[in-house]
Amino acid sequence: MTEQAITDRPFTAASFQAYMDEGKLMGSRNRETGEVFVPPRPIDPATHGEAMEWVELSGRGTLAAFTSVYIGTTAMIDAGYDRARPYVAGIVELEEGPRISAQLLGVDGKRPDLGWIGRPIVATFIERGEGDKRRSYLAFEMIV
Amino acid sequence: MKKLNRGVAIVGTGMSRFGSFPEKTTRDLFVEAYRDMSAAVDKGFDPKDIEAVYIGNYSSDLFEGQGHTAPIMADWVGLAPRAATRIEDACASSGVALRQGILAIASGAYDMVLVGGTEKMSNLPIAGVTDTLATAGDVLFEIPAGFTFPGFYAAIATAYMHRYGASADALLRVGIKNHDNGKLNPKAQFQASIADLMAGRIARAQQKGLPVPGWQTEMDFMHDDGANPYIAWPLRLFDCSPVTDGASAVLLVGEELARRFTDDPLYVIGSGQASDAAALHDRASLTSIRAAQVASRQAYEMAGVTPEDIKIAEVHDCFTIAEIIATEDLGFFAPGTGHEAAEEGLTSRHGPKPINTSGGLKSKGHPVGASGAAQAVEVWKQMRGQAGQRQVDRDVDLAMTHNVGGTGQTCVVHIYERR
């Protein structure tokens with residue numbers, strides 16, 4: 001039943017979010033080449049192939065790039081971050097190949113270190129927002 | 001190899017003063033740029049001969065609550081009912097408007113086209129500006145991660161520094177250099193070097209009897225967390241282009257018509273444009289901008305020239321790291337060596353490859369939708385020997401402009417020749 005539900009969902013941002021709200025990091029996989037896309041893409045940009053299937057990602061990867069943000073987005077300011085409490089946003093390279101952007105947890109935004117790049121990280125989900133706007137956000141934690 | 005079917009020339013350029021002007025709207029700014037352009041056409045022109053208008057504008061919708069900008073700009077300079085088209089490619093909007101004007105003339109559809117850009121950014125509080133600029137990123141998959149525009153380029157900086165061992169000081173050097181240039185540009189937002197800013201603050205502290213900062217060098221100032229705070233580590237305030245109001249205008253004609261308007265036109269001999277994935281994380285490289293590599297390759301091929309031939313370039317330094325990477329993407333320096341070139345002063349006004357003699361987006365200002373066409377204004381002045389105190393000390397027969405949208409989703413490159 002779960003497999004059926006997975007197969008039927010369209011490769012859209014809404015499906016990606018629905019999976020995250022279920023605690024799953026999901027992508028699309030080109031059945032012909034095995035290439036994985038996160039967030040899911042309906043068309044493989046390299047081959048133009050459309051034979052996609054859903055695949056669940058391990059959530060493991062390494063940090064490729066990051067920043068410690070002192071002047072944040074309105075959503076992050078609402079979440080309690082400011083100049084005195086900067087947050088870290090990163091680009092993560094997943095072990096299945098694709099990269100994705102997410103907040104990096106468990107590190108001190110006031111003590112950023114270029115040495116974090118290349119370090120192993122693992123996905124987690126955080127809930128943010130009030131009422132109807134409450135949703136899951138992807139985040140990563142550094143493995144120490 | 002792709003060639004234009006008809007040559008295209010620039011016979012006039014202009015720009016408004018760049019800065020923060022609470023009393024001016026996008027249309028006031030554009031009128032100012034149009035008048036400046038009109039005054040620059042040596043033999044004059046009849047506005048009735050303008051057949052079409054292409055306007056770069058990123059987001060008057062969000063900045064000012066005004067959409068459908070192009071016909072307003074055309075009408076406000078008296079050009080209705082000419083065709084008026086708005087181009088929105090984020091910070092590359094007016095670079096792309098310039099290219100659209102060039103292609104329209106090259107096609108034979110028009111003989112004379114007005115292109116330009118306009119942006120009024122300072123109405124919104126800084127949080128509103130941050131959120132509006134962030135919509136040039138991927139709002140589904142990047143902004144929820146907390147990325148801001150400084151944050152994107154800061155992440156590029158960490159990837160670059162980690163890969164090539166570059167120091168944050170190389171970035172700060174770009175800011176110091178561009179302020180040195182902008183000091184000499186009467187249209188620039190900051191007409192002050194970093195040394196001038198330091199001296200001003202020291203004098204103010206002395207006047208008010210406050211503790212006097214102990215900066216000895218410009219780098220002391222740049223390293224001071226109070227004077228130059230982090231915006232998105234490793235980028236500090238003076239690594240970031242400012243919030244700017246401004247407009248730009250360029251008059252294009254078919255090459256064979258150029259000398260009716262001036263004895264000293266510029267010829268657009270190369271033009272290229274490319275795109276890339278919406279999200280920075282989806283790019284093949286985090287330490288270069290592929291769209292810039294592709295667009296510049298197209299422009300070089302069309303022009304039949306090489307990076308060594310280019311005498312000066314205006315590049316898209318929305319953040320200091322962007323200038324360093326641009327000088328590599330355009331082929332001026334090998335990948336991973338742009339930071340050394342910046343530290344060694346190779347890109348200063350007196351160096352072998354002057355970059356951003358106008359002060360660049362950093363010091364001249366960055367009214368996002370106007371910046372691309374404003375780059376052509378500097379090239380026009382330098383190539384015709386009209387850049388005043390910041391005029392480079394050599395003959396500029398070939399120049400380049402490089403205008404990036406977003407984090408590299410768009411790049412447009414032009415090569416100009418003086419014959």
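**View 1. The 9-stranded sheet of chain B.** In this predicted model, chain B holds an open sheet of 9 strands in the order β3-β2-β4-β7-β1-β8-β11-β10-β9, and its pairing is mixed. Strands are DSSP runs of E with at least two residues, helices are runs of H or I with at least four residues, and both are numbered from the N terminus. Two strands pair if DSSP finds at least two bridges between them. The edges are β3 and β9 (312-314) of chain B; each has a single partner strand, so one side of each is left without a neighbour in the sheet. From one strand to the next, the twist averages 25°. Angles run from 0 to 180 degrees between N-to-C directions, with axes fitted as lines to C-alpha atoms, for helices over the stretch in contact.

Residues are numbered from 1 along each chain as its sequence is written, while chains are lettered from A and ligands numbered from 1 in the order in which they are written. Local features need pLDDT of at least 70 and side-chain atom pairs count only at pLDDT 80 or more, whereas totals for chains, interfaces and linings use all residues.

View 2. Strand β8 (residues 266-275) of chain B pairs with strand β11 (residues 410-417) of chain B in the antiparallel sense, over 8 bridges. Within this pair, Ser271(B) has His414(B) in β11(B) as its bridge partner. Helix α1 (residues 26-40) of chain B packs on the sheet and touches β1 (8-15), β4 (112-120) and β7 (245-254) of chain B. Its direction makes about 125° with that of β1(B). Helix α10 (residues 290-303) of chain B also packs on the sheet, touching β8, β10 (398-405) and β11 of chain B. The direction of α10(B) makes about 150° with that of β8(B). Residues are in contact if their C-beta atoms, placed from the backbone, lie within 7 Å.

**View 3. Where chain B meets chain A.** The contact takes 31 residues from chain B and 27 residues from chain A. On the chain B side, α5 (126-134), α6 (149-164) and β5 each give two or more residues. The most come from α6(B), with 8 residues. By class, the chain B side has 21 nonpolar, 7 polar and 3 charged residues. Nonpolar here means Ala, Val, Leu, Ile, Met, Phe, Trp, Tyr, Cys and Pro; charged means Asp, Glu, Lys and Arg; the others, Gly among them, are polar. Strand pairing also links the chains: β4 (residues 60-69) of chain A and β5(B) pair in the antiparallel sense over 2 bridges. Ser68(A) has Trp233(B) as its bridge partner in β5(B).

**View 4. Two cis peptide bonds in chain B.** Trp233(B) is joined to Pro234(B) by a cis peptide bond, with omega near 5°. Pro234(B) sits in the loop between β5 (230-233) and β6 (235-236) of chain B. A cis bond also joins Ala80(B) and Pro81(B), with omega about 10°. Pro81(B) lies in the loop between α3 (69-76) and β3 (83-87) of chain B. Most residues other than glycine have a negative phi, and most peptide bonds are trans.

**View 5. Two histidines with positive phi.** His48(A) has phi near 65° and lies in the loop between β2 and β3 (52-56) of chain A. His48(A) is exposed, because 7 other C-beta atoms lie within 10 Å. In chain B, phi of His68(B) is about 55°. His68(B) is in the loop between α2 (60-64) and α3 of chain B. His68(B) is exposed too, with 11 other C-beta atoms within 10 Å.

View 6. The contact takes 9 residues from domain 1 and 10 residues from domain 2.

An open sheet of 3 strands in chain A has the order β2-β1-β3, with antiparallel pairing. Its edge strands are β2 and β3. Strand β1 (residues 26-30) and β2(A) pair over 2 bridges. Arg29(A) has Val36(A) in β2(A) as its bridge partner.

Note on methods: Two residues are in contact if their C-beta atoms, placed from the backbone, lie within 7 Å. A residue is buried if 20 or more other C-beta atoms lie within 10 Å of its own, exposed if 12 or fewer, and partly exposed in between; C-beta atoms are placed from the backbone.
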